[in-house]
Amino acid sequence: MAPSSAPEAGHRTAATVTTERLLLRPVRTGDVPAVTRLWTDPEVRLHLGGPVAEQVVRIRQRRIVGATGVHAVVRASDGVLLGLVTVEPEAREGEAEVSYQFLPEHWGQGYAREAVAAVVERALESVPSVVAVTQQANGRSRRLLEGLGMVHAESFVEFDAHQVLYRKRA
């Protein structure tokens with residue numbers, strides 16, 4: 001079912017970003033089931049610390065609609081939610097951080113690259129740099145970030161896993 005294009009009353013607004021195939025907009029109430037799948041799908045969560053606990057999911061479900069910096073990635077042709085891209089200003093030592101997750105059935109089609117590239121470019125219009133962190137073992141994510149011109153800046157252990165931080169400057 002395609003989400004409504006009308007904004008919901010009372011939700012915080014965020015800039016909409018469009019690409020050739022995608023619409024990146026604030027999360028709506030109708031998106032919550034697909035977003036919940038992003039938090040609970042073992043394949044999506046493989047390099048993100050595993051599925052999110054049920055009580056945390058319930059809290060996130062109440063906060064995600066209209067959340068600032070969170071973009072629902074929707075295929076423009078049919079309104080299907082593919083994933084999320086989030087930008088948190090000053091998240092890591094004062095730098096903006098981009099993060100993303102996509103449903104597995106949409107992997108390998110270039111949607112993540114297209115969405116993350118658009119969000120990073122938009123962020124770089126107002127901040128000097130953007131960082132992204134992924135697990136060292138996540139080769140797909142590392143290739144995506146490198147393909148966007150992000151540079152491996154440091155490696156460290158966080159959440160009991162080897163992580164790599166990538167950076168792109170304006």
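This is a predicted model: local features need pLDDT of at least 70, side-chain atom pairs count only at pLDDT 80 or more; totals for chains, interfaces and linings use all residues.
User: In what order do the strands of the open sheet stand?

Analyst: Strands of a sheet pair through backbone hydrogen bonds, either parallel or antiparallel. Strands (E, at least two residues) and helices (H or I, at least four) are DSSP runs numbered from the N terminus, and two strands pair if DSSP finds at least two bridges between them. Here eight strands form an open sheet in the order β1-β2-β3-β4-β5-β6-β8-β7, with mixed pairing. β1 (17-18) and β7 (151-158) each have a single partner strand, so one side of each is left without a neighbour in the sheet.

User: How many bridges join β2 to β3?

Analyst: Four bridges join β2 to β3 (residues 70-75), and the two strands run antiparallel. L24 stands opposite V73 of β3.

User: Which residues have the most contacts inside the largest nonpolar core?

Analyst: A nonpolar core is a set of buried Ala, Val, Leu, Ile, Met, Phe, Trp, Tyr and Cys residues joined through side-chain atoms within 4.5 Å. Buried means under 20% relative accessible area, exposed over 50%, and partly exposed in between (1.4 Å probe, protein chains only). The largest core has 28 residues, and V73, V85, V98, F102, V116 and V130 have the most contacts inside it. Elements that each supply at least two of its residues include β4 (81-92), β5 (95-102), α3 (111-123) and β6 (129-135). α3 gives the most, with eight residues. A second, separate core of 17 residues includes V27, V32, L38 and V44.

User: Is A115 buried or exposed?

Analyst: A115 belongs to helix α3 and counts as buried, at 0% relative accessibility. Contact means heavy atoms within 4.5 Å. Leaving aside neighbours within four places in sequence, A115 is in contact with L22, L24, V73, V85 and F102. A115 and L22 are 93 residues apart along the chain, yet their C-alpha atoms are separated by 7.2 Å.

User: At what angle do the axes of α1 and α2 cross?

Analyst: Axes are lines fitted to C-alpha atoms, for helices over the stretch in contact, and angles run from 0 to 180 degrees between N-to-C directions. The axes of α1 and α2 (residues 54-64) come within 11 Å and cross at roughly 140 degrees. Angles under 35 degrees count as roughly parallel, over 145 as roughly antiparallel, 65 to 115 as roughly perpendicular and the rest as oblique; α1 and α2 are therefore oblique to each other. V32, V35, T36, W39 and T40 in α1 meet V57, R60, Q61 and I64 in α2. α1 (residues 32-40) also lies across β4 and β5, running at about 65 degrees to β4.

User: What is the phi of F159, and what is that of D160?

Analyst: Most residues other than glycine have a negative phi. F159, not a glycine, has a positive phi of about 55 degrees, and D160, likewise a residue other than glycine, has a positive phi near 60 degrees. F159 is exposed, with a relative accessible area of 72%, and D160 is exposed at 81%.

Conventions. Residues are numbered from 1 along each chain as its sequence is written. Side-chain values use heavy atoms; hydrogens and water are left out.
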